[in-house]
Amino acid sequence: MGKKMNFDRNERLLLAACVAGVTLTIGIFGYAQDCGAKSGPDAHAKYQVKPAPVWTKDGELVLPVDWRRWVFMGAPITPNGLNDGHANFAEIHNTYVQREAFDWYRKTGQWPEGTIMLKEMQHVLPGDGPGGSRTEPSGNGYFPGVPNGVDCSVKDSVRFPKSKNWGFFNFGHHAAPYAATAKEAPLNKCAGCHIANAPEDMVFVNFYKPVLTPLPAPVQNPLPAKGE
Ligand code: HEC
């Protein structure tokens, strides 16, 4: 009986040694893979959201697919009519982010690795009103016309440590079709202004906070409107 117990103990020791060995091997393999990921054009951070950014062999960003189904966070407008006819981006700036990244930010207040901010420019319809505005049945203002270009920023701390973990890409500032891939824009073209001015983690999140904030519960018994 004593002998059998010893045998069991040895067996257990052997099993423990095996488990430790396998764990170590997996650990080393994983580490080696991580290290491997830190050099060469295929290097990228471990993405925490889908759809993840896709890269070409040369490190160009592939144009995301059907971003118009992502979360639409806001649409700042800087029309030519209010910028002496020379706005940098004269259109409505429709800003989208992957749904998973949006949910992650709501939970943690951080943008996860692999976040893609996508700004699709959209012309305002021309008009004769002040600042190039026009009149529609709803009133005087700016109204959406033809989409006119795509800009992206991508969070990847392995690829873009020099520009505060975000890379910037322009897929064309013109009507669709847009470029299939884009290479990282130089610092002075894009990232520099975001580094100097963005209030939080390279994103002008102040403009998206109203939509990033979950709705409060609906009021159960609203007061009757005046005159009812
Ligand atoms: C002079 C400053 C400036 C430059 C240069 C600039 N941006 Fe921005 N960018 C902004 C501001 C301000 C916003 C938010 C308000 C808006 O859209 O008008 C913004 C918004 C964005 C957004 C939406 C997410 C966010 O951060 O708010 C993306 C994506 C973006 N820019 C990419 C680019 C790319 C790509 C370039 C270069 C081709 C570029 N930007 C150049 C100032 C700049």
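Me: How many salt bridges does the count come to?

Reply: This is a predicted model, in which local features need pLDDT of at least 70 and side-chain atom pairs count only at pLDDT 80 or more, while totals for chains, interfaces and linings use all residues. Residues are numbered from 1 along each chain as its sequence is written, and side-chain values use heavy atoms, with hydrogens and water left out.

Side chains of opposite charge can pair when their charged atoms come close. A salt bridge is defined here as a side-chain nitrogen of Lys or Arg within 4 Å of a carboxyl oxygen of Asp or Glu. By this rule there are six salt bridges.

One of them joins Glu120 to Arg68, with the closest N and O atoms 2.8 Å apart. This pair links distant parts of the chain, 52 residues apart: Glu120 belongs to strand E4 (residues 116–124), whereas Arg68 sits in the loop between strand E1 (61–62) and strand E2 (71–74). Strands (E) are DSSP runs of at least two residues, numbered from the N terminus. Glu120 has 2% relative accessibility and counts as buried, whereas Arg68, at 49%, counts as partly exposed. Buried means under 20% relative accessible area, exposed over 50%, and partly exposed in between, using a 1.4 Å probe and protein chains only.

Another salt bridge brings together the side chains of Lys119 and Asp151 (3.9 Å, N to O). Because Lys119 lies in strand E4 and Asp151 in strand E7 (residues 144–155), the pair ties together parts that are 32 residues apart in sequence. Asp151 counts as buried, at 13% relative accessibility.

A salt bridge also forms between the side chains of Arg134 and Glu136 (2.8 Å, N to O). Arg134 is partly exposed, at 24%, and Glu136 is partly exposed, at 26%.

Notes
Helices (H or I, at least four residues) and strands (E, at least two) are DSSP runs, numbered from the N terminus.
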